[in-house]
Amino acid sequence: MPPAEQRDLTTAASQTGSTGALASSSTGSALNPPNIITLSQLLLAVFLFWLIDVGGHWLAACAVFVVAAATDALDGFIARRYGMVTKIGRILDPFVDKVIIGGAFMFLAVQPESGVNAWMVIIVIGREMFVTSLRSVLEQEGKDFSAIMSGKIKMVVQCAAVACSLLFLEYARGSGVAEGSQAMARHVRDGLLWTSVAVTLYSGYEYVIRAARMFRSQ
């Protein structure tokens, strides 16, 4: 091989190695941008719970919740787009999602006018715990138990229900609100909350059926 071609191959290999090392470093870093966004969601969740607990700041609580829920899609997109998926990120992302949704339902349950009751909280958190347990067992056996469409729809409907409940609390405290308008708003809130419960149950059912088929195929 001519010396010039050898030099070109050596240079290309060196550049490829440097690029691969950079990608590996970016992928392996625990404090990469997606994970930082995920951790910021956890801080937003704590602030959200405080706002709900003290009461009276319902619009602010709704805004914080919407930002926290919206950034959930952002960190996943960045991680996949730029090859920054890490093991700690795969653990943190679903954990923080469950903290935000489950915590919001729990804190709203103690607010008399929120429309959220204890049964809803049990269903939401119970479903998440059970599906997480199934995923842990199946993935330890090398099976793919990634999220399916009903799980993603469940998340969207739950977020809409929590946001609607927070907005209703702000709307209901207005002194000039007509009784008929308040009743209509209450029906919309309750419809979204119970729809979220129904979708949560259906999503859990789909995951159970999917897990059962995987167990039978062993």
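**View 1. Glu128 and Lys98 form a salt bridge whose closest N and O atoms are 3.7 Å apart.** A salt bridge here is a side-chain nitrogen of Lys or Arg within 4 Å of a carboxyl oxygen of Asp or Glu. Glu128 belongs to helix 5 (residues 118-140) and Lys98 to helix 4 (residues 87-109), so the contact ties together parts that are 30 residues apart in sequence; helices (H or I, at least four residues) are DSSP runs, numbered from the N terminus. This is a predicted model, in which local features need pLDDT of at least 70 and side-chain atom pairs count only at pLDDT 80 or more, while totals for chains, interfaces and linings use all residues. Residues are numbered from 1 along each chain as its sequence is written, and side-chain values use heavy atoms, with hydrogens and water left out. Glu128 counts as buried at 11% relative accessibility, whereas Lys98, at 28%, counts as partly exposed; buried means under 20% relative accessible area, exposed over 50%, and partly exposed in between (1.4 Å probe, protein chains only).

**View 2. Glu128 also meets Lys154 in a salt bridge, with an N to O distance of 2.6 Å.** Because Glu128 lies in helix 5 and Lys154 in helix 6 (residues 149-172), this pair ties together parts that are 26 residues apart in sequence. Both Glu128 and Lys154 are buried. Through salt bridges that share partners, Lys98, Arg127, Glu128 and Lys154 are joined into one network.

**View 3. The side chains of Glu113 and Arg186 meet in a salt bridge at 3.7 Å, N to O.** The pair links distant parts of the chain, since Glu113 sits in the loop between helix 4 and helix 5 and Arg186 in helix 7 (residues 179-216), 73 residues apart. Glu113 is partly exposed, with a relative accessible area of 39%, and Arg186 is likewise partly exposed, with a relative accessible area of 26%. In total, the structure holds five salt bridges.

**View 4. Leu31, Ile36 and Leu39 make a nonpolar surface patch of about 290 Å².** Patches are made of residues with over 30% relative accessible area and no salt bridge, nonpolar side chains (Val, Leu, Ile, Met, Phe, Trp, Tyr) being joined within 5 Å and like charges within 9 Å. Accessible areas come from the Shrake-Rupley method with a 1.4 Å probe, and for residues only the protein chains shown count as cover. Leu39 is found in helix 2 (residues 33-54) and, at 35% relative accessibility, counts as partly exposed.

Technical notes. Helix = DSSP H or I, 4+ residues; strand = E, 2+ residues; numbered from the N terminus.
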